[in-house]
Amino acid sequence: MRWDHLRLDGDEGPARPLIERGAVARTFDTPEFRGMTFYEVRARTVVNKVPEASRVPFRWTINPYRGCTHACNYCFARKSHEYLDLDAGADFDSRIVVKVNAAERVRAELAAPRWRGEHIAMGTNVDCYQRAEGRYRLMPGIIAALAEAANPFSILTKGSLILRDLPLLREAAARTQVGTAVSVGSLDRDLGRAVEPGAPPPRRRLEVCAALNEAGIGCGVLMGPVLPYLSDSPAQLEAAVRQIADAGATSVSAITLHLRPGAREWFLSWLREHHPELVVPYARLYRGGAYAPRDYQERIARRVGDLAAKYGVGGRAAHRPARTPPPPSPPPRPQQIALL
């Protein structure tokens with residue numbers, strides 16, 4: 001069963017969905033967590049192999065959380081909540097699975113004889129530095145375990161909490177390859193507040209990028225997703241890339257919105273409420289499925305690439321330790337990654 005690795009330790013018998021297997025449910029009466037439920041589980045595995053069919057430039061991931069308090073209404077990972085007998089909409093934003101033994105499992109799995117020290121990507125499904133990380137503090141232990149094993153890794157995030165772990169990242173970069181990237185689809189604060197209500201503002205993420213680079217941790221920017229008709233005008237793209245260059249990003253790449261089942265319904269519901277005039281244009285653009293037409297994707301990627309060259313993205317980045325590379329290049333076909 002695809003979620004069998006999330007069963008509680010000691011549970012026997014046929015596998016059932018996680019939420020039905022007695023996970024410890026907690027609520028916190030604080031403003032930032034009001035209305036949210038956290039399901040604490042002891043996962044059996046945390047270092048997970050990416051399916052062969054996935055078009056991503058890495059084979060292994062660590063995701064200490066399921067669901068995300070950033071509440072990005074376009075997040076492709078929404079569908080995965082349905083496998084936990086939760087819905088892909090409000091439940092994904094407010095009912096968060098927390099793998100409380102993540103650091104312990106990472107240390108054990110990296111020590112296994114079969115492990116070959118391959119690159120591990122984090123933040124590729126839901127954000128490992130989402131708001132819940134401020135309470136559960138899973139990432140310091142995970143980073144320490146990776147550093148102890150001298151195992152290369154990268155982190156993609158929208159969260160500013162990554163700066164809390166800057167000393168650990170610097171220690172890790174002295175021992176292995178460490179790459180970071182922030183996800184910033186648009187610099188429009190109002191749009192960001194509307195489509196990513198739980199995430200830090202876009203300019204705050206660029207401040208994170210600048211701080212990481214100043215500290216010697218190479219940080220690029222994933223410009224994703226670019227939203228058709230909302231953040232894809234030439235002026236918007238140029239303004240974004242110019243500010244990304246000013247932040248000292250080591251790289252920038254654009255990914256156009258794609259709408260898989262789960263995310264598609266949730267995003268289009270938001271679109272009907274906030275931009276009803278765009279419902280028909282979106283229906284036309286995405287009539288072929290989850291992806292916008294290839295020529296549209298390529299046009300956006302090409303324009304961002306040209307702007308990156310114009311503004312010298314990477315040219316003003318801070319000096320980084322020799323063993324610290326930029327984050328992995330994006331896949332050949334534009335993909336949306338969770339966001340960060």
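**Figure 1. Ring pairs link Tyr229, Phe267, Trp270, Tyr282 and Tyr286 into a cluster.** Rings of Phe, Tyr and Trp (its six-membered ring) pair if their centres lie within 6.5 Å; planes under 30 degrees apart count as stacked, over 60 as edge-to-face and the rest as tilted. The model is predicted: local features need pLDDT of at least 70 and side-chain atom pairs pLDDT 80 or more, whereas totals for chains, interfaces and linings use all residues. Residues are numbered from 1 along each chain as its sequence is written, and side-chain values use heavy atoms, without hydrogens and water. Tyr229, one of the cluster residues, lies in the loop between E10 and helix H8 (234–246). Helices (H or I, at least four residues) and strands (E, at least two) are DSSP runs, numbered from the N terminus. Phi of Tyr229 is near 70°, a positive value in a residue other than glycine. Tyr229 counts as partly exposed because its relative accessibility is 42%, where buried means under 20% relative accessible area, exposed over 50% and partly exposed in between (1.4 Å probe, protein chains only).

**Figure 2. Phe33 and Phe38 form an edge-to-face pair, one of 10 aromatic pairs found in a search of the whole structure.** The ring centres of Phe33 and Phe38 are 5.3 Å apart, with 90° between the planes. Phe33 is buried, at a relative accessible area of 4%, and Phe38 is buried at 0%.

**Figure 3. Trp60 and Trp115 form an edge-to-face aromatic pair.** The distance is 5.1 Å centre to centre and the planes are at 80°. This pair links distant parts of the chain, 55 residues apart: Trp60 is in strand E4 (residues 60–62), and Trp115 is in the loop between helix H2 (102–111) and strand E7 (120–122). Trp60 is buried, with a relative accessible area of 16%; Trp115 is buried as well, with 15%.

**Figure 4. The charged end of Arg135 sits over the ring of Phe28.** It is 3.9 Å from the ring centre. The criterion for a charge over a ring is NZ of Lys or CZ of Arg within 6 Å of the ring centre and within 35 degrees of the ring normal.

**Figure 5. Ala150 and Gln177 belong to two loops.** Ala150 is placed between helix H4 (139–148) and strand E8 (153–157), and Gln177 between helix H5 (166–173) and strand E9 (178–183). Phi of Ala150 is near 50°, a positive value in a residue other than glycine. Relative accessibility is 35% for Ala150 and 43% for Gln177, so each counts as partly exposed.

**Figure 6. The largest cavity has a volume of about 80 Å³.** A cavity is a set of points on a 1 Å grid over the protein atoms alone where a 1.4 Å probe fits but cannot get out; lining residues have an atom within 4 Å of a point. Of the 14 lining residues, Gly185, Ser186, Val195, Glu196 and Pro225 lie nearest the cavity centre. Helix H6 (189–195) and helix H7 (202–214) each supply at least two lining residues, and the largest share, 3 residues, comes from H6. Pro225 is found in strand E10 (residues 219–226), and the peptide bond from Gly224 to Pro225 is cis, with omega near -10°.

Methods. 1 Å grid on protein atoms, 1.4 Å probe; cavity = no way out; pocket = protein on both sides within 12 Å on 5 of 7 lines; lining within 4 Å. Points joined across faces, edges and corners; volume = space filled by probe spheres on them.
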